[in-house]
Amino acid sequence: MFDDALRTLKNLDRQSISISIQTDERGYIDKQCPYQDCEFLFKVHAEDWTNIFRDEAVWCPMCRHQAPAKEWFTVEQVEHATQQALKLVKGKIHNALVSDAESFNRRQSPDSFIKMSMKVSGGRRSTSVIPASAAEAMQLEIQCDACQARYAVIGSAFFCPACGHNSVVRTYTDALTKIQLKRDSQAIIRQALTVASGKDSAEITCRSLLESCISDGVVAFQRYCESLYSMFGDASFNAFQRLDQGNQLWASAVGVGYTDWLDAEELSRLKILFQKRHLLAHNEGIVDDRYIAKSGDFSYKEGQRIVITERDVGDLLNCLTKLGRALKAACENHQSNTQGD
Ligand SMILES: [Zn+2]
Ligand SMILES: [Zn+2]
């Protein structure tokens with residue numbers, strides 16, 4: 001009596017269902033990091049996913065987790081696929097029951113004493129699957145400078161998902177953007193915190209946020225220099241935390257240094273800011289004689305606590321942006337010259 005239904009069930013065993021995934025309006029498909037502590041959502045260009053990405057390995061742009069290409073479906077895509085598969089299976093079984101009922105009813109003899117009929121309610125169902133739709137386009141589109149793969153993220157990213165490459169320049173510019181955002185959000189944060197937890201905590205938080213801008217900038221610059229300098233050899237520990245030493249290293253490596261890229265005023269401001277970072281990191285921000293001697297900043301007396309202003313952060317960003325650009329150009333120049341030899 002249930003021949004069709006049983007046959008359908010048997011056919012469903014080991015049957016694969018393919019559900020297509022749509023691209024967004026810019027041609028990107030959604031991906032998600034399978035590492036459970038990360039689950040970073042990003043997008044990759046559909047053409048590059050086919051042509052550049054490899055089956056064996058894809059990297060997370062945020063945490064650099066590595067896994068085969070088939071593991072990067074988003075939670076939403078998996079849920080959608082499960083629902084569609086379930087709907088398809090249910091529909092097929094339902095339709096098989098409908099045709100079993102029809103053939104059962106057809107087989108009833110018109111002159112038999114007891115009349116039996118079978119009805120499956122709801123008629124036949126559609127057994128097509130709907131493709132998974134794409135999430136809204138992401139603002140930041142990035143092209144890897146090593147493998148040319150295109151990907152998109154919200155906020156920032158550190159690694160190329162197609163080759164795992166960490167762009168030194170990108171990491172540095174992202175760090176500077178983050179500092180700028182921290183500085184520019186001061187007013188909003190102060191206002192929100194004043195309402196939520198009072199003036200004291202607003203003041204303390206905002207001050208420590210501004211101070212962190214200075215150390216973030218120095219650390220980002222140090223890492224950037226270390227990465228760029230690695231093509232010339234190893235610099236001694238923390239060499240790029242000290243402007244004089246860094247300047248000398250670059251001068252002997254590429255023939256130019258900070259003194260060529262910043263004017264005297266900028267350089268003396270930068271020197272003060274690097275020394276302020278040192279005080280914040282090692283002396284709770286309390287001025288000592290070494291600070292005054294090294295920075296040439298006579299606006300403080302020993303024992304005072306330094307103040308970081310929005311202008312300080314602005315000056316630091318200005319200098320670090322200039323130095324960042326100049327260093328990149330100098331290293332590229334050096335590379336193309338040595339390749340030409
Ligand atoms: Zn991740
Ligand atoms: Zn790449």
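**Zinc sites in a predicted model: close-up views**

**View 1. Donors of the zinc ion (ligand 2).** The protein donors here are Cys144 (SG), Cys147 (SG), Cys160 (SG) and Cys163 (SG). They lie 2.3 to 2.4 Å from the zinc ion (ligand 2). The model is predicted. Along the chain, the donors follow the spacing C-x2-C-x12-C-x2-C.

**View 2. Geometry at the zinc ion (ligand 2).** The 4 donor atoms subtend angles of 105 to 114°. The arrangement is therefore tetrahedral. For four tetrahedral donors, the ideal angle at a metal is 109.5 degrees.

**View 3. Exposure of Cys160 and Cys163.** Cys160 has a relative accessible area of 1%, so this residue is buried. Cys163 has a relative accessible area of 27% and is partly exposed. The cut-off for buried is under 20%.

**View 4. Donors of the zinc ion (ligand 1).** Cys33 (SG), Cys38 (SG), Cys60 (SG) and Cys63 (SG) coordinate this ion at 2.2 to 2.4 Å. The site is tetrahedral, with angles of 106 to 112° among its 4 donor atoms. In sequence, the donor residues are spaced C-x4-C-x21-C-x2-C.

View 5. Cys33 counts as buried because its relative accessibility is 2%. Cys60, at 0% relative accessibility, also counts as buried.

Methods:
Residues are numbered from 1 along each chain as its sequence is written. Chains are lettered from A and ligands numbered from 1 in the order in which they are written. This is a predicted model: local features need pLDDT of at least 70, side-chain atom pairs count only at pLDDT 80 or more; totals for chains, interfaces and linings use all residues. Side-chain values use heavy atoms; hydrogens and water are left out. Donors are N, O and S atoms within 2.8 Å of the metal (3.2 Å for Na, K and Ca); water is not among the atoms, so sites may look incomplete. Four donors count as tetrahedral if all angles lie between 85 and 135 degrees; four count as square planar and six as octahedral if opposite donors are over 155 degrees apart and all others between 65 and 115; anything else is irregular. Buried means under 20% relative accessible area, exposed over 50%, partly exposed in between (1.4 Å probe, protein chains only).
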